[in-house]
Amino acid sequence: MKAAGRPGGAGARQERKGDCMAEEKTVLIVEDEKNIVDILRFNLERKGYRTLEAYDGEEGLRKARSEKPDLILLDIMLPKMIGFDVCAALRKDGDNVPILLLTAREEEEDKVRGLEIGADDYITKPFSMREVIARVEANIRRTAMSVPAGAAAADSAMPVAGDLAINTDSHQVFRAGKAIDLTQREYELLTFLASHPNKVYSRVDLMEQVWNYGYVGDDVRTVDVTVRRLREKIETDPANPVFILTRRGAGYYFSVT
């Protein structure tokens with residue numbers, strides 16, 4: 001499933017999405033360690049993915065823009081241009097391709113920084129290929145379900161609360177008739193919560209039901225960062241939200257009064 005706001009090549013990718021996983025999907029691997037690239041390429045190709053490779057950040061950004069991959073595995077510590085800057089540049093372009101960060105760092109601030117600039121998720125090295133494949137497949141399934149937005153997407157969007165509306169056909173969100181540029185993950189989280197109004201979900205619940213894989217420990221911070229980014233986009237005053245609220249000690253919920 002693809003979020004709104006994918007100009008500059010979205011059409012090309014959407015043309016490849018009509019048959020979900022029946023069509024070959026492309027994963028761009030941006031990593032400077034050749035042995036890691038070789039392992040990722042081998043396992044992804046065994047699963048039927050086409051792969052592209054880049055060994056520094058500048059090359060990765062060029063290929064992301066020109067080749068329009070379906071997903072990017074992006075190392076943080078790269079020559080020429082670090083992964084954070086590659087991710088930020090693509091998001092500035094309006095490109096919502098799923099980006100999974102590969103990092104050897106354990107510091108929480110590095111993970112949070114990646115999510116705050118628009119990465120969908122992170123995978124900490126050393127990683128298992130089972131984990132990588134699971135996360136790639138989960139993200140590919142979502143993006144594969146997207147359909148192009150029609151001209152009347154705003155008019156046919158269903159109101160969910162106040163002046164907030166969602167068009168589940170075009171995967172777009174509108175506030176007072178104006179489209180809001182959400183990443184895939186932000187759209188997924190919003191639509192899930194909005195489809196279960198006033199029901200409280202813990203961060204672990206959301207990781208399992210929205211992200212589609214379980215997390216433990218500090219990894220659930222992913223949810224907090226995504227909620228914060230989503231509030232910044234859909235709320236008039238993110239510090240005093242009216243749509244996505246927090247039930248202290250319990251979790252998050254979409255408020256409908």
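Trainee: Why does Glu116 count as partly exposed?

Mentor: In this predicted model, Glu116 has a relative accessibility of 36%. Buried means under 20% and exposed over 50%, so Glu116 falls in between and counts as partly exposed.

Trainee: What makes the pairing of Glu116 and Arg228 a salt bridge?

Mentor: Their side chains meet at 2.1 Å, N to O. The cut-off is 4 Å between a side-chain nitrogen of Lys or Arg and a carboxyl oxygen of Asp or Glu, so the pair qualifies as a salt bridge.

Trainee: How do you know that this pair links distant parts of the chain?

Mentor: Glu116 belongs to helix α5 (residues 108-116) and Arg228 to helix α9, and the two are 112 residues apart. Arg228 has 30% relative accessibility, so Arg228 counts as partly exposed.

Trainee: Why is α7 called roughly perpendicular to α9?

Mentor: Helix α7 (residues 184-194) packs against helix α9 (residues 221-234) at an angle of about 85°, with the axes 10 Å apart. Angles of 65 to 115 degrees count as roughly perpendicular, and therefore α7 is roughly perpendicular to α9.

Trainee: Which residues make that contact?

Mentor: On α7, Arg185, Glu186, Leu189 and Leu190 take part; on α9, Thr226, Val227, Arg229, Leu230, Lys233 and Ile234 do. By class, the residues of this contact are five nonpolar, one polar and four charged.

Trainee: What separates Glu131 from Arg135 in helix α6?

Mentor: About one helical turn, because the two residues are four apart in helix α6 (residues 129-144).

Trainee: Are Glu131 and Arg135 buried or partly exposed?

Mentor: Arg135 has a relative accessible area of 8%, under the 20% limit, so Arg135 is buried. Glu131 has 25%, which lies between 20% and 50%, so Glu131 is partly exposed.

Trainee: What makes Asp163 and Arg175 a tie between parts of the chain?

Mentor: The side chains of Asp163 and Arg175 meet in a salt bridge of 2.3 Å, N to O. Asp163 sits in the loop between β6 (158-161) and β7 (164-167), and Arg175 in strand β8 (residues 172-175), so the pair ties together parts 12 residues apart in sequence. Asp163 counts as partly exposed because its relative accessibility is 34%.

Trainee: How many salt bridges does the structure hold, and which residues are linked in a network?

Mentor: The structure holds 17 salt bridges. Lys34, Asp38, Arg41 and Glu53 are linked in a network of them.

Technical notes: Residues are numbered from 1 along each chain as its sequence is written. This is a predicted model: local features need pLDDT of at least 70, side-chain atom pairs count only at pLDDT 80 or more; totals for chains, interfaces and linings use all residues. Side-chain values use heavy atoms; hydrogens and water are left out. Axes are lines fitted to C-alpha atoms, for helices over the stretch in contact, and angles run from 0 to 180 degrees between N-to-C directions. Angles under 35 degrees count as roughly parallel, over 145 as roughly antiparallel, 65 to 115 as roughly perpendicular and the rest as oblique. Contact means heavy atoms within 4.5 Å. Ala, Val, Leu, Ile, Met, Phe, Trp, Tyr, Cys and Pro count as nonpolar, Asp, Glu, Lys and Arg as charged, and the others, Gly among them, as polar. Buried means under 20% relative accessible area, exposed over 50%, partly exposed in between (1.4 Å probe, protein chains only).
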